[in-house]
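This briefing concerns the packing and the surface of the structure shown below.

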Amino acid sequence: MSDAPIRITTAGSTAQADLARRQRRYIISMSIRTVCFIGAAIAGMAGLTWLWPFLILAALVLPYVAVVGANTAVTRTDELPLMGNSRSDRQLGQ
């Protein structure tokens, strides 16, 4: 067991909070994809030949971005040293 103290600010989020965050990011990305498809159809019907290819390309790339973004984990690091009392012999109850 490590004697290094653990900071509460470096603790990860709960599994439910992490899942909710990932689902929210995925839904937002896929909503943007849907808007791109609808926008491409409208731009095509309106004769905007320069706009609809970009929207189709965005709609094709966004599923990859959504899956990668939904699968990224939030990691917290403890890069700053703890300040204050450095005595390691003090414990609770003593």
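Contact means heavy atoms within 4.5 Å. Leaving aside its neighbours within four places in sequence, Ala 59 is in contact with Arg 33, Cys 36 and Phe 37. The model is predicted, with local features needing pLDDT of at least 70 and side-chain atom pairs counting only at pLDDT 80 or more, while totals for chains, interfaces and linings use all residues. Residues are numbered from 1 along each chain as its sequence is written, and side-chain values use heavy atoms, with hydrogens and water left out.

**Surface**
- Buried means under 20% relative accessible area, exposed over 50%, and partly exposed in between (1.4 Å probe, protein chains only).
- Phe 37, in helix H1, counts as partly exposed because its relative accessibility is 35%.
- Phe 37, Leu 57, Leu 60, Val 61, Tyr 64, Val 65 and Val 68 make a nonpolar surface patch of about 670 Å².
- Such a patch joins nonpolar side chains (Val, Leu, Ile, Met, Phe, Trp, Tyr) within 5 Å, from residues with over 30% relative accessible area and no salt bridge (a side-chain nitrogen of Lys or Arg within 4 Å of a carboxyl oxygen of Asp or Glu).
- H2 supplies the largest share of the nonpolar patch, six residues.

**Ile 27**
- Ile 27 lies in helix H1 and counts as exposed because its relative accessibility is 53%.
- The C-alpha atoms of Ile 27 and Ala 66 are 8.2 Å apart in space, the two residues being 39 apart in sequence.

Terms used:
Helix = DSSP H or I, 4+ residues; strand = E, 2+ residues; numbered from the N terminus. Patch = residues over 30% accessible without salt bridge, like charges linked within 9 Å, V, L, I, M, F, W, Y side chains within 5 Å. Areas by Shrake-Rupley, 256 points an atom, 1.4 Å probe, with all protein chains shown as cover.
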